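Please look through the sequence and the model shown below before reading on.

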Amino acid sequence: MGTFYVPKSRARDNRYLVSVKEYTNYHKEGYLIVRGLLSKDDIAELFELAEDSRLNRLKPDKTADADSTDPLKEEFAKATRIHMLSRVNVAAERGMLHPRILDVTEALIGPDVYALQSMLFLNPPGKGGQGWHQDSCYIKTHPDTLIGAWIALEEVDEENGCLWVVPGSNHEPVYPPDGIGGGNVHAVDAFEDLNSVQNVSHIDDNVNTLSKVVAGYPPPIPVILSPGDVLFFHSHLFHRSFPNRTSDRYRRSYVCHYCNARSWVPWDHDGFEGNSGNYRQILARGSTHLPYAEPVFGTEVFLSDEEAESNSVTMMGMDNGMMMPMGMTKDD
């Protein structure tokens with residue numbers, strides 16, 4: 001008899017338990033806001049990281065390469081957003097692997113979770129903003145299980161550039177954009193009418209043709225957050241932000257991406273060898289049959305207990321755990 005895998009969350013103090021309503025709302029609308037998920041101390045550590053990055057990394061006077069067609073080129077040139085600090089900074093790793101973030105993620109897409117990516121956003125006055133896009137366009141997983149967690153480090157509203165979402169648009173396929181490599185989310189030629197889109201992430205709706213799909217929905221809604229609130233959002237969800245319109249406020253946030261650890265990941269931010277980047281991704285919850293990485297700075301993660309799994313119950317059906325008797329022969 002084989003060992004049957006029955007996923008079970010590890011017991012832990014201060015665990016966040018997801019309600020059935022939260023689960024169904026996430027899968028229906030494509031997003032879930034959990035108010036006050038992170039403590040003041042948690043946010044203080046990430047805010048300090050953001051301030052240190054603002055003081056030492058921000059380049060407000062730097063201009064982007066004029067020949068670049070990347071709609072986010074100015075943001076990257078000025079370092080108003082910084083990718084993958086989790087690989088070089090202990091506070092950033094702790095934020096990406098925060099157990100309460102993973103409690104929610106585990107319930108929504110788990111039980112086996114890879115931690116894939118971290119992004120720190122500074123968004124100074126007059127800066128920031130990203131046009132309509134879908135995250136699975138950029139980070140592909142097969143099966144397609146990507147989820148984002150958007151952590152507010154300060155008050156976030158329409159004035160300083162909050163996120164805007166289109167409820168229910170998570171049920172859309174991922175529209176393949178022209179000019180972005182890395183493969184497709186869906187099987188090529190599996191759809192009759194899944195047309196490509198142009199200038200995804202461009203802030204101008206007249207240029208970004210994904211806005212034509214967005215126009216078929218009710219008006220988008222702003223996501224107003226306070227420090228410690230976390231927005232979880234589906235990777236197909238149409239979302240965007242606008243530049244910070246204030247003259248004296250930043251919009252600091254920390255955004256991380258995860259996927260089910262049974263997914264093949266033909267992606268890694270820093271490149272990879274072979275045909276997938278799975279071995280670069282941190283196993284943050286559960287277990288997996290695929291390669292994985294461990295936290296660089298030793299941040300604690302709560303993985304499956306192999307002994308508990310080996311003593312788990314079998315599948316319902318026959319006494320031996322199978323759904324039908326073995327040894328059946330084909331009729332002549």
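Which residue forms a salt bridge with Arg 54, and how far apart are the closest N and O atoms? The partner is Glu 51, and the closest N and O atoms of the two residues are 2.7 Å apart. This is a predicted model, and its chain has 332 residues, of which 49% count as buried. The secondary structure comes to seven helices and 12 strands, and the accessible surface is about 16,600 Å², with 52% of that area belonging to carbon and sulfur atoms.

**Salt bridges**

- Side chains of opposite charge can pair when their charged atoms come close, and a search of the whole structure finds 17 salt bridges.
- Arg 54 and Glu 51 are three residues apart in helix H2, and therefore about one helical turn separates them. Arg 54 has a relative accessibility of 22%, so it counts as partly exposed, because buried means under 20% and exposed means over 50%.
- Glu 51 also takes part in a salt bridge with Arg 252, where the closest N and O atoms are 3.0 Å apart. Because Arg 252 lies in the loop between strand S9 (239–241) and strand S10 (253–260), while Glu 51 belongs to helix H2, this pair ties together parts that are 201 residues apart in sequence. Arg 252 is buried, with a relative accessible area of 8%.
- Another salt bridge joins Arg 35 and Asp 229, with 3.0 Å between the closest N and O atoms. This pair links distant parts of the chain, since Arg 35 sits in the loop between strand S1 (31–34) and helix H2 (40–56), whereas Asp 229 sits in the loop between strand S7 (221–223) and strand S8 (230–234), 194 residues apart. Asp 229 counts as buried, at 5% relative accessibility.

**Thr 105 and contacts across the chain**

- Thr 105 is found in helix H5, which covers residues 99–109, and with a relative accessibility of 0% this residue counts as buried.
- Leaving aside residues up to four places away in sequence, Thr 105 touches Gly 110, Val 113, Ile 147, Phe 232 and Tyr 258.
- Thr 105 and Val 18 are 87 residues apart along the chain, and their C-alpha atoms are separated by 9.4 Å.
- For the chain as a whole, among contacts between residues at least 6 apart in sequence, 78% join residues at least 24 apart.

**Strand S11 and its partners**

- Strand S11 is mostly covered, as five of its five residues are buried.
- S11 pairs with strand S3 (residues 113–121) in the antiparallel sense over three bridges, and in this pairing Ala 115 stands opposite Ile 282 in S11.
- S11 and S12 run parallel and are joined by two bridges, and the bridge partner of Gly 286 in S12 is Leu 303.

- The side chains of Thr 299 and Glu 93 are joined by a polar contact of 2.6 Å.
- Not counting residues up to four places away in sequence, Thr 299 touches Glu 93, Arg 94 and Leu 97.

Note on methods
Residues are numbered from 1 along each chain as its sequence is written. This is a predicted model: local features need pLDDT of at least 70, side-chain atom pairs count only at pLDDT 80 or more; totals for chains, interfaces and linings use all residues. Side-chain values use heavy atoms; hydrogens and water are left out. A salt bridge is a side-chain nitrogen of Lys or Arg within 4 Å of a carboxyl oxygen of Asp or Glu. Helices (H or I, at least four residues) and strands (E, at least two) are DSSP runs, numbered from the N terminus. Buried means under 20% relative accessible area, exposed over 50%, partly exposed in between (1.4 Å probe, protein chains only). Contact means heavy atoms within 4.5 Å. Accessible areas come from the Shrake-Rupley method with a 1.4 Å probe; for residues, only the protein chains shown count as cover. A polar contact is a pair of N or O atoms within 3.5 Å; within protein, one must be able to donate a hydrogen and the other to accept it, and residues adjacent in sequence count only if both atoms are side-chain atoms. Two strands pair if DSSP finds at least two bridges between them.
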